[in-house]
Amino acid sequence: MEHLIFTNARVIQPDSVLEMGQVSVRDGVIEAVGADLVQKEGGEGARVIDCGGKYLSPGFIDTHCHGGGGADFMDGHTQDILTAARAHLAHGTTGICPTTLTCSDEELFTFFDCYEQAKEVRDHMPHLLGIHLEGPYFSASQAGAQPPGYLAVPSREHYMEILSRGKGNIVKWSIAPELPGAMELGDELAERGILALMGHSDARLDTAIEAMNHGFSQLTHFYSGMSMLIREKGHRKLGLVEAGYLLDGLSLEVIADGIHLPPELLRLILKCKSHDRICLVTDSMRGAGMPEGPSLLGSLAHGVSVIIKDGIANMPAFDSFAGSVATTDRLVRTMTEKAGLPIWEAVKMASLNPAVFLGIADACGSISPGKRADLLIFDEHIEICAVYVSGNRME
């Protein structure tokens with residue numbers, strides 16, 4: 001068994017930073033966290049890794065990501081999944097949920113087959129934590145970049161086929177809860193232990209409350225593609241944005257690129273919402289980690305042309321955003337440098353919180369004994385210096 005001891009590290013814990021800390025890893029699993037582990041354990045036979053006073057962090061977990069490195073997870077080939085996942089690995093993502101876009105059943109099932117093959121690949125890969133389905137059960141008025149021709153209303157025959165073809169790999173599903181049949185789908189997902197999220201939706205507050213009674217527990221990319229406060233005959237009606245603030249049991253996905261949600265809005269969210277209910281996500285497309293310029297939103301077969309400029313994908317006329325090109329290190333950097341969070345809390349939103357939401361916090365998400373040694377070394381500006389997956393350095 002390989003024995004590693006990380007020394008001279010600022011070890012990021014769920015509630016603090018352990019200065020001049022040490023972490024012992026044996027056979028890919030964290031076995032101890034503290035000080036003077038080299039002396040206590042003798043260090044004999046161990047490979048000592050000097051972090052040089054930099055941060056030692058749990059690996060980041062991205063539960064909503066469409067692609068990166070020039071590839072989309074739905075391009076139709078296993079290699080595309082590997083390319084996109086590896087692009088995010090370089091930025092500190094040690095666990096990822098490849099996310100679909102509303103599409104034809106044929107395209108979706110091809111992706112399922114490719115995912116089955118991709119999850120067997122271990123070489124220079126983050127952990128593939130399961131599939132996040134985004135669509136096709138969305139409101140047409142809140143569809144955003146979702147192809148309108150493939151939007152549908154939940155029918156048991158349809159979603160049961162999707163669940164069957166998914167072979168147990170589906171871990172999240174974003175749905176508009178106001179659609180007929182959505183509550184029944186929520187019940188089905190709850191029975192299977194699959195997270196149900198409200199997204200791309202025109203639901204009002206009463207529907208959100210009802211949906212929570214049918215297993216829905218999160219909002220997909222908070223503020224994007226969802227209803228807000230309106231007035232009907234003088235009466236104010238609350239939407240999903242207000243539900244996100246009001247309902248304590250409702251968790252939020254937050255695209256913390258500093259553009260989808262400007263820093264002032266991030267600070268408002270932090271002021272009003274329990275921090276344990278916030279999960280940072282990239283929602284990135286193929287342009288993540290790529291140079292600025294022309295790109296494609298969506299799959300090669302059905303994507304639309306976009307232009308990446310100033311840290312975000314734009315429609316060619318520059319009249320609206322077309323998608324995120326964020327990486328997880330950028331999310332953490334934004335939350336510390338622009339939203340004012342302490343480093344340990346920003347990291348928690350990108351590691352432990354998503355692990356808790358996925359139900360895998362016993363295996364990953366924090367630097368704790370018994371968990372996988374998914375670790376990052378980075379500096380004060382969250383510039384990634386080294387990435388370890390299950391104790392193996394990713395070169």
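## Where H4 meets H5

In this predicted model, Arg156, Tyr159, Met160 and Leu163 of helix H4 are in contact with Glu184, Leu185, Glu188, Leu189 and Arg192 of helix H5. Sorted by class, the residues of this contact comprise five nonpolar and four charged ones, with no polar residue taking part.

How do the two helices lie against each other? H4 covers residues 156-165 and H5 covers residues 182-192; their axes come within 11 Å and cross at roughly 25°. Because angles under 35 degrees count as roughly parallel, H4 is described as roughly parallel to H5. The crossing of H4 past H5 is right-handed.

## The largest pocket

Let's turn to the open spaces. The largest pocket has a volume of about 720 Å³. Its lining is made up of 33 residues, and those closest to the centre of the pocket are Gly144, Ala145, Phe321, Ala322 and Gly323.

Which strand gives the most to this lining? That is strand E22, residues 321-324, which supplies four residues to the largest pocket. As for the class make-up of the lining, 16 residues are polar, 14 are nonpolar and three are charged.

## The second largest pocket

The second largest pocket holds about 230 Å³ of space. One part of the lining comes from Ala118, Lys119, Val121, Arg122, Met125, Pro126, His127 and Leu128, and the list also includes Val389, Ser390, Asn392 and Met394.

If you colour this lining by class, you will find seven nonpolar, three polar and two charged residues.

How many cavities of 30 Å³ or more does a search of the whole structure find? There are four. The largest cavity contains about 90 Å³ of space.

Lining the largest cavity are Asp72, Met74, Leu101, Thr102, Cys103, Glu107, Pro147, Tyr150, Gly298, Ser299, His302 and Gly303. By class, this lining has five nonpolar, five polar and two charged residues. Asp72 and Glu107 are the charged residues here.

Key. Residues are numbered from 1 along each chain as its sequence is written. This is a predicted model: local features need pLDDT of at least 70, side-chain atom pairs count only at pLDDT 80 or more; totals for chains, interfaces and linings use all residues. Side-chain values use heavy atoms; hydrogens and water are left out. Axes are lines fitted to C-alpha atoms, for helices over the stretch in contact, and angles run from 0 to 180 degrees between N-to-C directions. Angles under 35 degrees count as roughly parallel, over 145 as roughly antiparallel, 65 to 115 as roughly perpendicular and the rest as oblique. A crossing is left-handed if the near helix is turned anticlockwise from the far one by less than a right angle, and right-handed if clockwise. Contact means heavy atoms within 4.5 Å. On a 1 Å grid over the protein atoms alone, a cavity is a set of points where a 1.4 Å probe fits but cannot get out, and a pocket is an open set with protein on both sides within 12 Å along at least five of seven lines; lining residues have an atom within 4 Å of a point. Grid points are joined across faces, edges and corners, and a volume is the space filled by probe spheres set on the points.
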